[in-house]
Structures are given as C-alpha cells and as structure tokens.
Amino acid sequence: MILEGSQQIENNPIVLNPKNYREAIDNNNDFYLQFSVFTPKAESHLIKVLHLYLEKLDLLYLKDMLVTIIKELINNAIKANAKRLYFKSRNMDITKKDEYRQGMEDFKDDVFVKGSDLLQKLADSKLVVRVFFKAEKENFRINIINNIPILEEELNKIHARQKKAYSYADISDAFDDVLDDSEGAGLGLIMALMLFKNAGFPPDAFEMKTDGKFTIAAIKLSTTLIDTSSQRKIAEEISNEVENLPSFPENILEIQRLCTNPEATIKDISNAIKRDPGLTTAILKLANSAGYITSKRVETIEEAVKIIGTKGINTLLVASGVQEIMGARYKKFETIWKNSYKAAFYSQNIAMQIKKTKLSEFAYLAALLSDIGQIVLLSIKPDEIQRLREIAGLKDMSETNLLEEISLGISHSTLGSIICQKWHFNEALVKAIEFHHRPHMAPEKFRDLIYIVYLGYVYNSIETKNFRFEIVNDDVLHYFNIQKREEFDRLHNILKDAYEMHIEEKSQKAPENNE
C-alpha cells in the first residue's frame, strides 16, 4: 500500500543518489532511493529504476513480482519507523513487553487513518527508508534499509514467517496460520515470499537482519539460483483444464477460411453465415450499429458482409466463438467479458489516433480477449482467489496478476495466450494477450500492437481506480510521445468522449435494430 494521505505530506524529500540513475546503472555503480513516506512519486522512481536494472540483467520477467515484494518490505519499514515515533510521542518504551502490547493495541487505529498527523511528523523526522541497489557480475542485490534496529522479538517472528512461507503448498495454507500482521511479519510478507518461491528462488535469496543500528531486508537475485521445476509444476496444474476446453467451433472456422480465401465470393461467405442463426443476427446487428454509417437499414447478410468487410467479419467470428465456448462453460464469463468492451474500444481508437488503422481491428480483438485466462483461473480455485481479493483490501496486492501468481503460480495473461494457441489464433493476437500486462517484454515484431492494447487497458483501469499515471510504463509513454501528465490526460479525454458518443449513438439505433 501507499500510506493513506501520503500525497499530501510536506517536507518529504526523495533522494536519488546519484541523481543520474540511468548512468549509474549503465556503469554498474551503486544507487539508492531514499524517503520518509512512500508517495506515488517515490513509487514511480522505484519502478523505473528496477525496470532498468532488470532489463540490463535480462530478468525483466521478475519485475511485477519484485515490485510487490519491495513495496511490502518498504511499507513494513515505514510502519516500523512510525511505530517508534508513535511510542516516543506517548512516552512509552517499546522494548518493555507490557508497554509494547498496550501501545500496539492503539497503533493502527491512531496512525493509518485520515486526519492523523503522524505521517507528517514522520516526514519531518530523521527516520528514513533507503532502497539500495547493487549490481555485480552474476548477482543483483536490493536492500531495503530503515535507520532503526528491529526488535529481537519482531525479527524472530519474521524469520518464522519466512520459514513457513516456503513450507506452504499454496496461499490457502497460510490464512489460518497467521495470527498477527501488525509487526510487519504477517500475511503480507508471506504472500510476498510465496511470490519469490513461485519464481523459483531459494529461501536464502531473502534475508532480514539488523546490525544494531539499522534494519536490513536483503534480496539477492541471480539466474543461477532460479529453480525451473516450479514452472514445470505450474504447467502440469493447468494443462488438464486447457486440454478439456472444446475446440473452436467448426462452423466459425469454415467461415474464417472463406474470409481468407481470395477465390471465395461474398455469396459463399454469406451462405456459410446464414447456416448459423445466432451469427446471422449478430452480423446484421453489427452492420446496423453506430460503428457503420449507412443510408438505409441493412436487411441482408450479403449487404452486411460488404459493409463490415472480411476483417470486421473475422473479428466478430473470433469474439462469437470465444463467447460460445466460454459462456457455456464458465459462470464468470459475462461479467469479465463486459468489462473488456471499453478497453477494446479504447485500444481500437488509440490505433486510429496514431494512424495505425491496419492494427485497429487486431487491437480491438486483443483487448476484448485479454482476460479469457482470468475466466479459467477463477474457475480453478474461485474460493481461494476471492479470499486473496479480501486480503488485498488491506494490502497493496490488488493487482489481479499477482494474486493469481501467488495462488496458482501463473498469470491470466500467460494462460490466455496458451488458450489462444490451442485455438490456433493468429500469432500477433496470442502475443498481444500474453504481454498486455508486461509491455516491457513485448517482442519487437508485435510491439506496436501490444503497446496499443496496454494503453487501452491502462486507461480503462484508471477509470476503475486500479492504475495510476505514475506507474505507466515509460517505454509505452515514449512510444506515444507522451511526456507530460497533461498530454496523457488529453488522450484519455478524447477516448472517453468518443466512447460516450458511441454509447449514445448505439442507444439511439437500438430501437431501429429491434423493429
């Protein structure tokens, strides 16, 4: 979490040492980021610095996992600092068990609420957190340091949690076992360490220690440490579910083949469509929708095919096929499908805004299908994912991908790409779904499409309070030549206005389509 009210904190300098961190990373020099309160600006610096280090070491696939772990450790360090300040303000001795127990009963209620001035006092104090980066030949070290020593009792609890995190088969084992997380040694740390475990790192890759003056949470990364057996286990877990998914409907595959056959006539395509009443209705409805300007109502499939075109028909075919399979199999399908429509509209319009019209249909389809993996994951362990969501209300682990990785060891975007491969979808579509949450890893061949889909997802997520401008991928902003927040918001407003107009026109045409 970013601490409540942190955006309004004054006198909270963020130290970057050296200031030119790009140069420091390029030259393998040490670097640190330091602050008293973890603000959105501090988080943005953290993500950007981490991205550059991991990119250089070819470990970018660890980025989301490491951001989550480091943020958990940072928040624990800030809470530890705030705790010391709180006890001092109440003239209580934190080293005395009775006073410690009494003080902790009121600590969370008094500090992490709106109106509390302790965060401001923390910013004014000399208590800080430093995130220290050190790159070596084969290793990469990240130390999260706060300038007070951890109590022995707290350190023992953390060591116990660390040991247990590696003993749990999955996150559900941890719920009933965690009794108290007020010391920064509770479920949040266990969830972070289980991410570390799922990535294949051994227990000794993380260490919590003190030298009597400082508390240090040390992370050691090395490609030689990674155990790939966890990835093999993950593949086995999901293979049955994917294997049991039906093949893509044959009638839709037949029409797709006709659409790509240069010798096929409009009559051939139309006759194949007419054999499917549901598809016939959908195509006529689309041809008469606000997206296509016609002088009169479209009555025949032949007219509809001419107006929509083979690319538009193919988009509808894929969407209809997925809807037919997933809707019949998974209860969660409709809800998630509806949530993808706006992201799809945004992605399509972003492509047109930047004159990438040829990608617009692909962008729409990729964004629309981007969450099909989530539908499958939610069906595998729905109760477990729901419990994780409830916990995420208290922790900054609300990112769906990370919740899935903790519980199941795989993200929905990766699973979505596997499902699309099973259905023999176009490679560009598969890659866009696979990397729409990880544009920094986008294959160069498909980067345009993936960046467009990612930005459409970002704008949609900002509207649902699940994203912020400060953490938008730098490479994507550079690609779209967005240098300032105002430019980012300007494009967002253009897309929102277009979507509202689209919905209004659609509602006006709805009565005509129902006649």
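Y21, F31, Y53, F133 and F140 together form one aromatic cluster, where rings of Phe, Tyr and Trp (its six-membered ring) are taken to pair if their centres lie within 6.5 Å, with planes under 30 degrees apart counted as stacked, over 60 as edge-to-face and the rest as tilted. The structure is a predicted model, in which local features need pLDDT of at least 70 and side-chain atom pairs count only at pLDDT 80 or more, whereas totals for chains, interfaces and linings use all residues. Residues are numbered from 1 along each chain as its sequence is written, and side-chain values use heavy atoms, with hydrogens and water left out.

The protein has 23 helices and six strands, helices (H or I, at least four residues) and strands (E, at least two) being DSSP runs numbered from the N terminus. Of its 515 residues, 52% count as buried, a class defined by a relative accessible area under 20%, with exposed meaning over 50% and partly exposed in between (1.4 Å probe, protein chains only). The accessible surface comes to about 24,900 Å², of which 48% belongs to carbon and sulfur atoms, as computed by the Shrake-Rupley method with a 1.4 Å probe. Among contacts (heavy atoms within 4.5 Å) between residues at least 6 apart in sequence, 67% join residues at least 24 apart.

The structure holds 17 aromatic pairs. One of these, Y454 with F467, is edge-to-face, at 6.4 Å centre to centre and with 80° between the planes. Because Y454 lies in helix α21 (residues 447-463) and F467 in the loop between α21 and α22 (474-479), this pair ties together parts that are 13 residues apart in sequence. Y454 is buried, with a relative accessible area of 4%, and F467 is likewise buried, at 14%. Y479 and F480 form an aromatic pair that is also edge-to-face, with 4.9 Å between centres and 85° between the planes; here Y479 counts as partly exposed at 27% relative accessibility, while F480 is buried at 12%.

When residues up to four places away in sequence are not counted, W423 touches L245, P246, S247, F248, V322, I325, M326 and I372.

Helix α20 (residues 427-435) is mostly covered, eight of its nine residues being buried, and K431 and E434 are among the buried residues. The buried residues of α20 pack against α15 (360-369), α19 (412-422) and α21. At the start of α20, a side-chain oxygen of N426 reaches to within 2.7 Å of the backbone nitrogen of A428.

H492, in helix α23 (residues 485-513), is buried, with a relative accessible area of 6%. The side chain of H492 makes a polar contact with the side chain of E463 at 2.7 Å, a polar contact being a pair of N or O atoms within 3.5 Å, of which, within protein, one must be able to donate a hydrogen and the other to accept it, and for which residues adjacent in sequence count only if both atoms are side-chain atoms. Leaving aside residues up to four places away in sequence, H492 touches Y346, Y459, I462 and E463.
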